[in-house]
Amino acid sequence: MNNLIVRILALGITLILFLTSCSSDPSLQQYFVDSQEKQGFITTTIPKSILGLDVSQMSSRSFETH
């Protein structure tokens, strides 16, 4: 009987976590895509050299996008 209660409790917690972890808010990337056609919306690119990082010390993984 205790085993059944533990399983039901674990299933309930998993279900609650699954349902609450999903967000319907737009991502930052989606905001940029939606806003780039709006008048007055400005984007700029800043070169990585401005940060003063020694690129030769970085691995190729440092430049991967997610």
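**First stop: serine 35.** Select serine 35, which belongs to helix H2, a helix that covers residues 28-35. Please note that the model on the screen is predicted. Is serine 35 buried or exposed? Its relative accessibility is 2%, so serine 35 counts as buried, the cut-off for that class being under 20% relative accessible area. Now display the side chain of serine 35 and follow it to the backbone oxygen of tyrosine 31, which it reaches at 2.9 Å.

**The whole chain.** Zoom out to view the entire protein chain, in which there are 2 helices and 0 strands. Colour the 66 residues by accessibility: buried residues account for 2% of them.

**The aromatic rings.** Select the aromatic side chains; the structure contains 3 aromatic pairs. For one of these pairs, display tyrosine 31 and phenylalanine 41: the ring centres are 5.9 Å apart and the planes stand at 75°, so the pair is edge-to-face, since planes over 60 degrees apart fall into that class. Which parts of the chain does this pair tie together? Tyrosine 31 is in helix H2, whereas phenylalanine 41 is in the segment after H2, so the contact ties together parts 10 residues apart in sequence.

Keep both residues selected and inspect their accessibility. Tyrosine 31 has a relative accessible area of 45% and is therefore partly exposed. Phenylalanine 41 is also partly exposed, with a relative accessible area of 22%.

**Last stop: a nonpolar patch.** Select Ile46, Ile50, Leu51 and Leu53 with the surface displayed. These residues, Ile46, Ile50, Leu51 and Leu53, form a nonpolar patch on the surface, and together they have about 450 Å² of accessible area. Finally, centre the view on leucine 53, located in the segment after H2. Leucine 53 counts as partly exposed because its relative accessibility is 47%.

Key
Residues numbered from 1 in each chain as written. Predicted model: local features only at pLDDT ≥ 70, side-chain atom pairs only at ≥ 80, totals over all residues. Heavy atoms only, no water. Helix = DSSP H or I, 4+ residues; strand = E, 2+ residues; numbered from the N terminus. Buried < 20%, exposed > 50% of the residue type's maximum accessible area, 1.4 Å probe, protein only. Polar contact = N/O pair within 3.5 Å; in protein donor to acceptor, adjacent residues only side chain to side chain. Patch = residues over 30% accessible without salt bridge, like charges linked within 9 Å, V, L, I, M, F, W, Y side chains within 5 Å. Areas by Shrake-Rupley, 256 points an atom, 1.4 Å probe, with all protein chains shown as cover. Salt bridge = Lys/Arg side-chain N within 4 Å of Asp/Glu carboxyl O. Phe/Tyr/Trp six-rings, centres within 6.5 Å; stacked < 30°, edge-to-face > 60°.
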